Amino acid sequence: MISITDLTISFGSIRPIDELTLSIDSPTHGIIGPNGAGKTTLLNALSGFVTPDGGSIFAFGDDLGSLTPRHRARWGLRRTFQTEQLAEDLTAYDNVAIALDHCGGDESRSVAEACSIVGLNQPDRFVGELTTIDRRLTEIARAVVGAPRLILMDEPAAGVSGAERSRLVELLTDLPDHSGAWLIVIDHDVELISSVCETTTALDFGTLVANGPTSATLADPRVAETYLGTSA
Amino acid sequence: MTSESVSTDPVSAESVEATRTSRASVIGRGRHVFLLGTVITLLAWWVPNYFGARWLSTWTSTLVFAMAAAGIGLLYSRLGLASLTQVALIGVGGWVALRLEFAFHLPFPIVVLASGTITALIGLAISLPTLRLSGLYLALVTLMMAAGFHEIFIAAGFPNGGSGFLGYQSSGDLERMSRPSIATTDPAYFRLVLIVAVACFLLVWLHDSTKPGRAWRLIAQSEGAAHATGINVTFYKTWAFTLAAFLAGIGGAMFAGQLGQLGPSSFQTIDSLLLFGLVLVGGAYHWSGWIIGVIIFKAFPALLDDLGLNGNIATMIAGLALILNLIAAPRGIVGEVGRLIAANRKSSESDQ
Ligand SMILES: Nc1ncnc2c1ncn2[C@@H]1O[C@H](COP(=O)(O)OP(=O)(O)OP(=O)(O)O)[C@@H](O)[C@H]1O
Ligand SMILES: [Mg+2]
């Protein structure tokens, strides 16, 4: 279980996250909200990239908020980025190996196993020559290798469509089962969120609009109003 | 709608490992080692036999500076860091070697390793405050350090058997660094420097193809992503800078052995800058580019000299080459050659 209490983040006079209290109770959790709602900022707070003005973050009983980003990674926190961050002049395999180099434990999942879970079938190609989907899969494999406990993804399906998209949706849906980690996904696509996530949070102006089972959150009239743009 | 890159069959971990071992096959690697060994043996035999004393000396110092150039190429290509102080660090390594030699008369290998280690520690001390800087600021600060070292070399002189900590005397019985008994002659010493240079490049390769190399590349891509992957960013940046200083220090000790005595004019600020620029011209992203860069740095002025031209023209031409390089071929000579080969291969594949 992940609990966020009274979390506030400000950049000067902007407050992307405003006294947010939130509890995440399922292994597949979605975060939705309009542009600028504070979704990425919340993810950055979870990974430790931004320092909150106040509030606390606990995951499975551990005080994540007190750890540096690097120690959160060693604790088992992984993430993917809104634009992929991979070393271009390394193979996909070596990119995945980086996480194992620094976060590997005794009972770690190997690079080959991680590639196999995400379906990366050409791990020996250089990242520079991979297609969008394979780059995305490489980043996910890097999140899955070792012994992750919580994986954060910022718009994992952006720029992916058709068969590749359905494949990605399937992968994300099964990811907690295959990796043993909980998954928090940001996406604008309500369809993706409802196929992947058991529970979902809707944010707007850095505050909670709704939180609960995905179908309940999506049915909430305020979500329909603020996010889907339809007036109730 | 199907896509080639998305397999419908699940990939098993075993098949992932299988494709890897077939590509990085033991035979393939063995062939590389054999080829490289042959080339090195041929150079060791041919260069001292073919070239006269003056050119042999040029090639020997080319190898010395190649050790420092490896540090430049490593920092630039893997971490995107511009270190403009590497030639000055050769001077530091040389100073330490002379100092240790005259004070303790230690065996040659120990002097060389100790000089490398002490220079590495100095590099470490420099890196801790400076690596927080980025881009242009790091370049400027390291260039100022090169100038600072040069001033210190002028003020203190290089040890030559004098008394006191500095060990410098302006007259009297000037001592020379002695070479190891197996390599007292110039041809033998060339071969020794060749072996040491190869060892230095292997050390870089060893780092580059394992955990540190992978970490450096992700740090260069994004420090944020590196932190989020558990990498200790400061540690790995410092490590790279320290390794580069170690290589320059080893080079300095070998240089002291080559020349016997050293002087500040061999380690001018402009040399640090020029060597950096020429490593970029040669191609910072591949070790062969570092070697091409250092050959232009050392052998080109000697060639102009042979032709009766002023050596300063070399600096001007190097400057022009650097400008051309930045505009037309940012991955250097080696990068361009690689691109041509790849393009050729592609067109011959599409012909079939
Ligand atoms: N480093 C920063 N400095 C200043 N303002 C920032 C910073 N990061 C985010 N913001 C602001 O905080 C607000 C929330 O941004 P955030 O990126 O979290 O939104 P988001 O919900 O991820 O939006 P999107 O759907 O467009 O990705 C925005 O108004 C943004 O301009
Ligand atoms: Mg965002």
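Tutor: We will take the contact between two chains, then a ligand; keep in mind that this is a predicted model.

Student: How much area do chain B and chain A bury between them?

Tutor: The size of an interface is often given as the accessible area lost when the parts come together. Here chain B and chain A bury about 3,000 Å², with 58% of it on carbon and sulfur atoms. In residues, 30 of chain B are in contact with 40 of chain A.

Student: How many salt bridges are there between chain B and chain A?

Tutor: A salt bridge pairs a side-chain nitrogen of Lys or Arg with a carboxyl oxygen of Asp or Glu, within 4 Å. Between chain B and chain A the count is three. One of them joins R217(B) and D89(A), at 3.7 Å from N to O.

Student: Which elements of chain B give two or more residues to the side that touches chain A?

Tutor: They are α1 (13-23), α8 (211-221) and α9 (223-228) of chain B. That side of chain B has 11 nonpolar, 12 polar and seven charged residues.

Student: Now the ligand. How many residues surround ligand 1?

Tutor: There are 14, and the closest include N35(A), G36(A) and K39(A). The element that gives the most to this shell is α1(A), with three residues.

Student: Which side-chain atoms lie by the oxygen atoms of ligand 1?

Tutor: An N or O atom in the side chain of K39(A) is 2.7 Å from an oxygen atom of ligand 1. For the side chain of T41(A), the distance is 2.5 Å. The protein covers 61% of the 630 Å² of accessible area that ligand 1 has on its own.

How values were computed: Residues are numbered from 1 along each chain as its sequence is written. Chains are lettered from A and ligands numbered from 1 in the order in which they are written. This is a predicted model: local features need pLDDT of at least 70, side-chain atom pairs count only at pLDDT 80 or more; totals for chains, interfaces and linings use all residues. Side-chain values use heavy atoms; hydrogens and water are left out. Contact means heavy atoms within 4.5 Å. Buried area is the accessible area (1.4 Å probe) that two parts lose on being put together, summed over both. Helices (H or I, at least four residues) and strands (E, at least two) are DSSP runs, numbered from the N terminus. Ala, Val, Leu, Ile, Met, Phe, Trp, Tyr, Cys and Pro count as nonpolar, Asp, Glu, Lys and Arg as charged, and the others, Gly among them, as polar. A residue is near a molecule or strand if one of its heavy atoms lies within 4 Å of it. A polar contact is a pair of N or O atoms within 3.5 Å; within protein, one must be able to donate a hydrogen and the other to accept it, and residues adjacent in sequence count only if both atoms are side-chain atoms. Accessible areas come from the Shrake-Rupley method with a 1.4 Å probe; for residues, only the protein chains shown count as cover.
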